[in-house]
Amino acid sequence: MLSSKIKFNLLAWQVANKLISSYPDVCPFARKYQNSMLETELKPAHTDAARRTNAPGAPDLDFSPLPVSAPEAAPKYYHVATWGCQMNEEDSEQISLYLEELGYTAVGDYASADIVMLNTCSVRQKPEEKVWSELGRLRDLKLVKPDLIVGVCGCMAQSEYTEIQRRAPHVNLIVGTGNIAAIPEMIAQIKDADTGSPSSILTALPRKSSGNLVPLTSLTLPPRRGVIVSEIPARKTERAASLKAHVPIMYGCDKFCTFCIVPLTRGRERSRPTVDILAEIEGMARNGTKEVCLLGQTVNSYGKNLPEGRVPFARLLEEISQIRGIQRIRFTSPYPRDFTDELIETIAKLDKVCEQVHLPLQVADDELLAEMHRGYTVADFRTIVEKLRAQVSGIAISTDIMLGYPGETDDQYQNTMRFVEETQFDSAFMFAYSPRTNTKAALKTNQVPKPVKVDRLNRLVELQNSITISKNKAQIGNVVEVLVEGRSQKDDNRLSGYTRTLKMTHFTVPEGGTRSLDSLIGKTVPVFVEGANLTSFYGVLAEPMPYL
Ligand code: SF4
């Protein structure tokens, strides 16, 4: 860095030059001043520059800065806490990429961080309550660490931003679901405001009467449906090397189920252009990624209103399956109404598409499904399951079930229980309905009392868990294909990874076998299943076999 004195002299030199060229006869003092400068502060720089340019003396001065070692920047740290779905996990990865580009390094706790981002979920009440409690902890931390930057992003940022401003004035930035790319600029603005530097953003940070800064917000979402898509959130596509990766292929939702806040927090459905998705996955495959999971709120509705025209989801799967290096393709979550025969045939046909589908049911009562605006009947759902099982050998089907929707009678609840028993899902996410602000269901006056919801949920969990355990145990004695992710967290002498049907599998390698444990990481290997419980398979590497 040049000293401020030298900077001043440079400026003076430029002013003198301007005066001389504009008024050569009337400004002798300017030339004199310029010459005197050559004798003083500027001389070392000038002589050095002159040597470099073979131009001794003024006026062809090269004022490029001399090599001066920059003071070492203090290390900066960030922490991102994530609640909710895979889409949020993927958003958190994007936030990390942006922060790392700014020079921040990840840390595992709030206390060591310079920036804490809470990536929130509004789908149910519990994660929202947790975020409020974390904001309380961060308020205490900010008392002893006032420079800490606290940000809230995700669905709660979108739906609760006025409440966050009111209840948590220590929050510096509130970032909506489509605005993650704005984080670096927002952080720069906050820093400018903190240091009192004359930045235009000061006008965007009005002080409340309490003296607290109003948090910066960035919350825009596309306003309309059915137009050619142009408002895809910006994202970083140079991903860190990883064996498995989530890839968002669409954003938002147009279904407007009456209980769900997602269309309000993530905006209208819009698909990413196919070429962008393929380019991102090709890049990841070159970096060693072997498994991709395509993400979307209704992932199989992909492909409407693209600039290149309609691209059915089944065609996107075909295109991705041609990418060299990608061995497994998953997707979540498909919507029953958009689950076409063409898609079922494509899953059956493409080797790389895993035999695993998560198909949200919610309830198995036609009256309730209609009230929820789900757009399918129990019979429709049953038909999809039957076709999948008939055409895709060994497919695992999981689901979402929500009990206690407003007005749910005991008979309607029993319909769901019977269907669960009949369908024998491999697993299920089960939860009790909780009213979400600004949704139609929240306004209903016939809310089911909490104890009733809890009781229904407990009985469902018991039923589904017994189904899951017996389906898992039925795999004992079979050989399954596992993509090895690393050493098992519970036992360092085992490896672990997922089957194609998304079952966590822990396995040993026989003593005297030809392979060391670590040499198998990143490979797909056959595992002989010796045991199973609710969540996992246990087994042993099935040697000798060829490893992919
Ligand atoms: S399909 Fe329904 S439940 Fe799923 S995100 Fe859209 S509105 Fe919500």
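These are my notebook entries on a predicted model.

**Ground rules.** I count residues from 1 along each chain as its sequence is written. Since I have a predicted model here, local features need pLDDT of at least 70, side-chain atom pairs count only at pLDDT 80 or more, and totals for chains, interfaces and linings use all residues.

**Confidence.** I looked up pLDDT, the predictor's confidence in each residue, from 0 to 100. The protein chain has a mean of 83, with 79% of its residues at 70 or more. Residues 1-63 have pLDDT below 50, and beyond near neighbours in sequence this stretch has 40 contacts in the model. A contact here is two residues with C-beta atoms, placed from the backbone, within 7 Å. Residues 197-212 stay under 50 too, with 19 contacts beyond four places in sequence.

**Ligand.** Which residues surround the ligand? I noted Cys253, Lys255, Phe256, Cys257, Cys260, Val262, Pro263, Gln297, Thr298 and Tyr335 (C-beta atom, placed from the backbone, within 6 Å). By class, I get seven nonpolar, two polar and one charged. For the classes, Ala, Val, Leu, Ile, Met, Phe, Trp, Tyr, Cys and Pro are nonpolar, Asp, Glu, Lys and Arg are charged, and the others, Gly among them, are polar.

Most residues other than glycine have a negative phi, and most peptide bonds are trans. Phenylalanine 256 has a positive phi of about 55°, and sits in the loop between strand 8 (250-251) and helix 9 (262-266). Helices (H or I, at least four residues) and strands (E, at least two) are DSSP runs, numbered from the N terminus. I also found a cis peptide bond from threonine 332 to serine 333, with omega near -10°. Serine 333 is in the loop between strand 11 (328-332) and helix 12 (341-349).

**Helix pair.** The axes of helix 15 (residues 410-423) and helix 16 (residues 450-473) come within 10 Å and cross at roughly 10°. Axes are lines fitted to C-alpha atoms, for helices over the stretch in contact, and angles run from 0 to 180 degrees between N-to-C directions. The two helices are therefore roughly parallel (angles under 35 degrees). Tyr413, Met417, Val420 and Glu421 of helix 15 meet Arg456, Leu460, Leu463 and Gln464 of helix 16.

I traced an open sheet of three strands, order 12-13-14, with parallel pairing (at least two DSSP bridges between two strands). Its edge strands are strand 12 (356-358) and strand 14 (427-432). Three bridges join strand 12 to strand 13 (residues 396-403), and histidine 358 stands opposite serine 398 in strand 13.

How values were computed:
Parallel < 35°, antiparallel > 145°, perpendicular 65-115°, else oblique.
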